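Hi there,

Here is the structure I promised to pass on to you. Have a look at it first, and then read my notes below.

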Amino acid sequence: MNIPDVFSDIDPISQSDGPEPACAITYTPEFVEAHDYLRAVLKADERSERAFALTTICLKFNPANYTCWHFRRRCLVSLCTPTDSDARATVDVERIDTDLEFADKLGGTNPKNYQLWYHRRALLEIRFKGDERIQVAQKELGYVDKILGDDNKNYHAWSHRQWIIRTINQPQLWSAEIEYSHSKILLDPRNNSAWNQRWFATHEGEIAANSGMKLGKLSFEKAEEEANYAVCGAQVDPFNESPWRYLIGVLMEQCRWVQREEGADDKDKVNGLLRDCVAKIKDMNDSPTEDYPAGPCVSLMSALVDLLETVGDKTSLEEAKNMMGELVVEDPVRRKYWHKRQSTVLVLLGKVSE
Amino acid sequence: MSSTTSYPNNRTKHIIESKSTEAQQDTEYECAPFFVDLKSLSESQLDHLRSVGLLGGLCVEVDDSIPPQGLSSKAAKLLGVDETQPRVELLEEIHPSSAKNKVVGVQDPYAIRLVRSAHINYLSNALSEPLSRGFISLDASHPWMIYWCLHSLDLLQHFDPPASGGINDLETLQKSQLLKRIVSTLKHCWTDVPLQFDIDDVKKNTKLSQLHKIQQQQGEYISSTDAEGTNEKIEIIGGGFGGGPQQMPHCAPTYAAVLSLCIIASIGCGQEDTMNKSHNPYHEAGKLAMELLNEKRLPMYAFFLTLREHEDGERIAFRMHHDGEIDVRATYCILTPCHLLGLLDKEEEKNHLLSPSIARYIASCQTFEGGFGAEPFNEAHGGYSFCALAALRILGLVSIINVEMLRSWLVRRQLEFEGGFCGRTNKLVDGCYSFWQGGAIAVLDGWYNENDAACEKVGAADDEGLSFDEVMLQRYILLCAQDVNGGLRDKPSKPKDFYHSCYNLSGLSVSQHALSSSWPPTSSDTGDDDKNLNRLFGDSSFNILARTDPVLNIRTDRARHAAKQF
């Protein structure tokens, strides 16, 4: 596109950065030309095909130009919505899908800028209003999967998946997401994003299944399943922090629940599960298999002291205190933290003895 | 690397190999050469380290014919030994006769140094000289680039008054010119935006009514009614800083611009007690910065109000800009400038930016791991955790979250072998998390100190300072994150940049200075900023930076100056 020809009726507006700007960028002449016209169409709020085409050029220079993305969406909405008042306000879905492809191409294999991902959300919000919403969502999940294939921890990508699933909110998507996160954990047990996704899918999925019953926690049966899943993960590689933290999360959530009045009935079951897990972990700690590299396992010990503290009786607190003493030595970079934790346990022990 | 201390050198263990364990092992291999015992190096290698400024003392001319031994070529290159580059000769004095006494003027010849002058050159050039076309990708981040470089230079005490006279020398004039250029550039990044408010909201909010009154007097007032003619709307001209001139207002560049202007205001107007105005070479720049802040604070406040989004369950989040993403960064980027500019008046009856619903949204971003994600249910992440905690500290509502889980998650992010922090569980060390995680721990420790005064102390004298290992962090920053040619980086294999320079130096400052007794520091808590120190790594007298406020990430004296003004 020859920009000055296409916009011959418009006066370009140059960037007004004042005399001797700090952190001034040496733009290329092509960049300056495109952006001078972009400023002019922005000022005129000209939502036309040629303005839309101009945003494509500018975004290729800098995909982080949020002003340009915003204006592109304004153009798109105007151009997609029929102006004829008789026509039903249908949206040109093909055009939106084309723009999703544009964002895909612009992002490359590992897109990490906020604007690209937000653009997808904004466009999909429109697409999700249509009848084909499930198919559109499936296709988008496929796109995210492709990105996660390249970088299995891409933060935006995982966040985008969550948004798709909670926006569509269909039972099959929730259960499929649990499977998806499981497959990612199998590929790389230290993919903490996948563990986090499992938490999201089990929790928000259960809320969705209980039609809005927002207890904000798993049922006891589900919690038991998830605790077992985490213990299995920890047994496979106790040096991996992810399953340990998942386990602590599941158990703590149940413990907080039974401290509330409406959860009192579950108290014995939850305490049983907690003690069961403690026993299993102690077992792992006392009799490591041949696979273990020599030396104590800090991830395991850190998890164990958290659970012992939660059990909270005198014996467990004594055990926690002693293990924290070991951690002062075995986990030297956190020795000051373990000292602090020890002093907290001592206070608890004082209370128990009284 | 000191001769007397030994550091943990356990590598990460694993049973199942995966992409994550491979990447972690690679990073440990990458960092290991930097942790070499200096006493095992040859004299020529030590000379090299002296010539690039990593070690103190004077040395004789480096003999180029002897390449450093015992380092892999990659490590040698990373340490700054680049055969293709001419040797940097920092020495003015040469003592060829005293080969044995060539290291003079330092107590510990093995104490690693911050290469201050190289960093200052890199950062001040970035501000004053044109940037290459490669920076087009940061064209929507001009105020960020300014803040990263300016705050870094401020930590390096680049704008502190010279010890003796010399305020009219060329260098000072250039610095003063640069500060004025920065204010002017930021002024050009400001964009007005017309905003609609319900007339009732304006009446109830003293700041909005004040702004409305000012604009009426200036003839900018436009009244309108909506289609049904029921709800009278008032148009108020708000605004914010954009990523560059003529860009939309955005709360991240607004945060960066306000911090930068507060820094300059304090440099130029903050030393009045000790210095005659006319003797402060930066006074004019400071005055311009103050004027701009005074002019824009209320329109900015109005703009922030329009970024609010009501999430379900009585929670209020913010968008980064109109038609922009919602996440917990926005909350922090809005509350910080408001705090600095006195817009969070707790006595005011209805200040929309102090609503408990804002804190509830932040709390809903805390995950089962203990850290915070960008949005509810997103993975715990260093950047968002910092934003969440600092925002709650500003609101005075830290206690609504699970602080014990957060602290536990934060300290687990420090890597035992490297000493630096990672951003998420099972991710790699990155110098920028020196501040995001280290700073968050400082914020949380400060909160604990205030709330837990009764907590009894157990343990040795070693148990002092911050909850993480501040010496190990300093060691990572000084050995692995410094580029000896100036600038700091993520890790040795990554190139330096302004962002990593800023957050490595900020993390270094946090790890060097003891916490102040309260936050925000009381007016009596002045002076003594730089005297109360934690344990230090390397050349302790040489490496000390100015103290940064871990919530706001500008120097504490800059924050105090803003508190007095607004």
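**What I found**

A:R39 lies in helix α2 of chain A. Please keep in mind that this is a predicted model. Is A:R39 buried or exposed? With a relative accessible area of 12%, A:R39 falls under the 20% cut-off, so it counts as buried. A polar atom of its side chain lies 2.9 Å from the backbone oxygen of A:I13. Leaving aside residues up to four places away in sequence, A:R39 touches A:I13, A:S14 and A:Q15, and also B:Q246 from chain B.

**The second largest cavity**

A:R39 is also one of the residues that line the second largest cavity. This cavity holds about 120 Å³ of space. Its lining takes residues from chain A, including A:Q15, A:H35 and A:N65, and from chain B, including B:D139, B:P245 and B:Q246. Which helix gives the most to this lining? That is α2 of chain A (residues 29-44), with four residues. Sorted by class, the lining has six polar, three nonpolar and two charged residues.

**The largest cavity**

How many cavities of 30 Å³ or more does the structure hold? There are eight, and the largest has a volume of about 190 Å³. It is lined by 19 residues, and the closest to its centre are B:A442, B:L515, B:S516, B:T548 and B:P550. Two elements of chain B, α15 (433-451) and α17 (498-512), each give two or more residues to the lining. The most comes from α15(B), with five. By class, nine of the lining residues are nonpolar, seven are polar and three are charged.

A:C68 is buried, at 0% relative accessibility. On chain B, B:C31 is in no disulfide either, and its nearest cysteine sulfur, in B:C480, is 4.1 Å away. B:C31 is buried too, with a relative accessible area of 0%.

Best wishes

Conventions. Residues are numbered from 1 along each chain as its sequence is written. Chains are lettered from A and ligands numbered from 1 in the order in which they are written. This is a predicted model: local features need pLDDT of at least 70, side-chain atom pairs count only at pLDDT 80 or more; totals for chains, interfaces and linings use all residues. Side-chain values use heavy atoms; hydrogens and water are left out. On a 1 Å grid over the protein atoms alone, a cavity is a set of points where a 1.4 Å probe fits but cannot get out, and a pocket is an open set with protein on both sides within 12 Å along at least five of seven lines; lining residues have an atom within 4 Å of a point. Grid points are joined across faces, edges and corners, and a volume is the space filled by probe spheres set on the points. Ala, Val, Leu, Ile, Met, Phe, Trp, Tyr, Cys and Pro count as nonpolar, Asp, Glu, Lys and Arg as charged, and the others, Gly among them, as polar. Buried means under 20% relative accessible area, exposed over 50%, partly exposed in between (1.4 Å probe, protein chains only). A polar contact is a pair of N or O atoms within 3.5 Å; within protein, one must be able to donate a hydrogen and the other to accept it, and residues adjacent in sequence count only if both atoms are side-chain atoms. Contact means heavy atoms within 4.5 Å. A disulfide is a pair of cysteine sulfur atoms within 2.5 Å.
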